[in-house]
Amino acid sequence: MFRKRVVLTLIPLLFGSIMAGNSYAADSIDQILEKARAEAGELAKLRRIINEEPDPNERLAAFELMVKSGDNTMLDIAIDSGLASADRLLQSAAFKAAIMNLERLNLTLKVDKDASEKIRSASQAYLDEKGDQYLLPFDKKDVEKGTISAQHFNAQVIGTHLSYTYGRYGSGKLYLKDDNAVSGHITVNEGSKTLKFIATTDIR
């Protein structure tokens, strides 16, 4: 009998705790939703500034603010909006930010059809043997200078293109294409042969 009274006493107490917990959870969810709406509103304002603000200085200032915020969502919105912008300065800043946000470039190679028949043949033989993937390593990056380096590798971002030298292995120049990719001519040195390719890859 005593045990039954204890159980009956505990039930409302437990039920009250659960209800209080649910109320707290509801409050927490409401707070989270309110915070999310506020952040979404701020992001929308910054996106509008980048896309619609007539003053290029304000567009660039908003972009830099978002890039340096430390928030990945802000960074993504800033880069994607900047790459699609008709403002060349903003697009260049977005291109540099996109490149500097990468750990490497994985290029896909195709034979350069403008090369001589001999070079085309040697280049195709290289692809047949080693495949069409070519890696550019980004070990060290200087965001302010727009420079990238690794062993034997040095690159520079200028405007919306990336130029690089890869020691005795080759060199190339890649340009922004379609707001989210790069494409360009590169050379690959294989023994005494200098092979020529068109290289492409997504940067977003």
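Strands, like helices, are DSSP runs numbered from the N terminus, a strand having at least two residues. In this predicted model, Thr201 belongs to one such run, strand S9, which covers residues 193-202.

- A polar atom of the Thr201 side chain lies 2.8 Å from the backbone oxygen of Asn106.
- Apart from its neighbours within four places in sequence, Thr201 is in contact with Leu105, Asn106, Leu107, Ala181 and Val182.

**The largest nonpolar core**
- The largest nonpolar core comprises 48 residues, and Tyr134, Leu136 and Ile186 have the most contacts inside it.
- Helix H4 gives the most to this core, with eight residues.
- When neighbours within four places in sequence are set aside, the residues in contact with Ile186 include Leu107, Leu109, Tyr134, Tyr164 and Leu174.
- Leu195, Lys196, Phe197 and Ala199 are also among the contacts of Ile186.

**The largest pocket**
- The volume of the largest pocket is about 250 Å³.
- Its lining includes Phe63, Glu64, Val67, Leu75, Ala93, Lys96, Met100 and Val143.
- Helix H2 (56-67) and helix H4 (88-100) each supply at least two residues of this lining.
- H4 gives the most to the lining, with four residues.
- By residue type, the lining divides into seven nonpolar, one polar and four charged residues.

Conventions:
Residues numbered from 1 in each chain as written. Predicted model: local features only at pLDDT ≥ 70, side-chain atom pairs only at ≥ 80, totals over all residues. Heavy atoms only, no water. Polar contact = N/O pair within 3.5 Å; in protein donor to acceptor, adjacent residues only side chain to side chain. Contact = heavy atoms within 4.5 Å. 1 Å grid on protein atoms, 1.4 Å probe; cavity = no way out; pocket = protein on both sides within 12 Å on 5 of 7 lines; lining within 4 Å. Points joined across faces, edges and corners; volume = space filled by probe spheres on them. Nonpolar A, V, L, I, M, F, W, Y, C, P; charged D, E, K, R; others polar. Core = buried A, V, L, I, M, F, W, Y, C linked by side-chain atoms within 4.5 Å. Buried < 20%, exposed > 50% of the residue type's maximum accessible area, 1.4 Å probe, protein only.
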